[in-house]
Amino acid sequence: MHSMPHAPARRPPAGELHAWMVQLDDCLATDDDCLEVLDQSERARAGRFAFAPLRRRYLAAHAALRGILGHTLGLAPEQVALSSDANGKPRLADGMPPLSFNLSHSHGMAVVALAPQGEIGIDIECCAPVPLLLPLVRRHFSVQEKHAFWTLDENQRLAGFYRWWTGKEACLKALGVGLSSPLDGFSIEFRPGYALRMLEAPAPMASMQLLPLHLQQSGWCGAVALADTQPPVLRMRHWSWHGWRM
């Protein structure tokens, strides 16, 4: 069955940012249902996955994105039309209501960030051990960030690294440039116990608002970045697959 069209819209109000957490391995997220709401390019990409678990998680993440956008805009998931900008960043197609969004997924979890306006980026990571942690710090951290990292106790360094990584990734995704832009080209505050925030950045990123995700699950880290002059209020939401297509 299909989601009912013309449901009341639930857009984030001005000054708010919504982050929807999604469990990708839920048995209610069936491949058939997910495929039905995706467009031709998404189906083609799903078909190129060699491993079935990765394919299922891709389907669930992108179906949830359309479900959350539809829920927010008062549309059925399959009525959500997507396009991309010049850098390939996904956006709502021309003619759709205004809404900024971004998707990130890692292992069995995804998160969708929504804002009424402003470029937005989000990243979530499972905090697995990083064998080459120190070489990564030396190569990719800015000078200011290296000084901050070396002040951390040994037992803080992995958490600090993932706060840095998700914060950086969120900022670059907000701009739509991804990791093609140098990670040491701007500096953020990432140390555990300090507020995650921008410290120094070039003009396109200087006013970026950076917030940590409030995740209930241990062993995960996430951040969201929004191009806005004022810090938004972050609201966490949890997506339910129950009846999502009814």
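Student: How much space lies in the largest pocket?

Tutor: Rolling a probe the size of a water molecule over the atoms shows where empty space is left. In this predicted model, the largest pocket holds about 680 Å³ of space.

Student: How many residues line the largest pocket, and which lie nearest its centre?

Tutor: The lining has 29 residues. Arg-45, His-62, Gly-88, Pro-90 and Leu-103 lie nearest the centre.

Student: Which element gives the most to that lining?

Tutor: Strand E4 does, with six residues. E4 spans 100–106. Other elements each supply at least two residues, including helix H2 (40–47), helix H3 (52–73) and strand E2 (82–84). E6 and H6 also supply at least two each.

Student: How does the lining divide into nonpolar, polar and charged residues?

Tutor: Eight are nonpolar, 12 are polar and nine are charged.

Student: Now the open sheet. What is its strand order?

Tutor: Strands of a sheet pair through backbone hydrogen bonds, either parallel or antiparallel. Here three strands run in the order E6-E10-E9, with antiparallel pairing. The edge strands are E6 (120–126) and E9 (208–212), and each pairs on one side only. From one strand to the next, the twist averages 15 degrees.

Student: How many bridges join E9 and E10?

Tutor: Five, in the antiparallel sense. E10 covers residues 220–227. In E10, Ala-223 stands opposite Pro-212.

Student: Which strands does helix H6 lie across?

Tutor: H6 (residues 157–175) lies across E6, E9 and E10. The helix runs at about 150 degrees to E6. Both H6 and E6 also contribute to the lining of the largest pocket.

How values were computed
Residues are numbered from 1 along each chain as its sequence is written. This is a predicted model: local features need pLDDT of at least 70, side-chain atom pairs count only at pLDDT 80 or more; totals for chains, interfaces and linings use all residues. Side-chain values use heavy atoms; hydrogens and water are left out. Two strands pair if DSSP finds at least two bridges between them. Helices (H or I, at least four residues) and strands (E, at least two) are DSSP runs, numbered from the N terminus. Axes are lines fitted to C-alpha atoms, for helices over the stretch in contact, and angles run from 0 to 180 degrees between N-to-C directions. Contact means heavy atoms within 4.5 Å. On a 1 Å grid over the protein atoms alone, a cavity is a set of points where a 1.4 Å probe fits but cannot get out, and a pocket is an open set with protein on both sides within 12 Å along at least five of seven lines; lining residues have an atom within 4 Å of a point. Grid points are joined across faces, edges and corners, and a volume is the space filled by probe spheres set on the points. Ala, Val, Leu, Ile, Met, Phe, Trp, Tyr, Cys and Pro count as nonpolar, Asp, Glu, Lys and Arg as charged, and the others, Gly among them, as polar.
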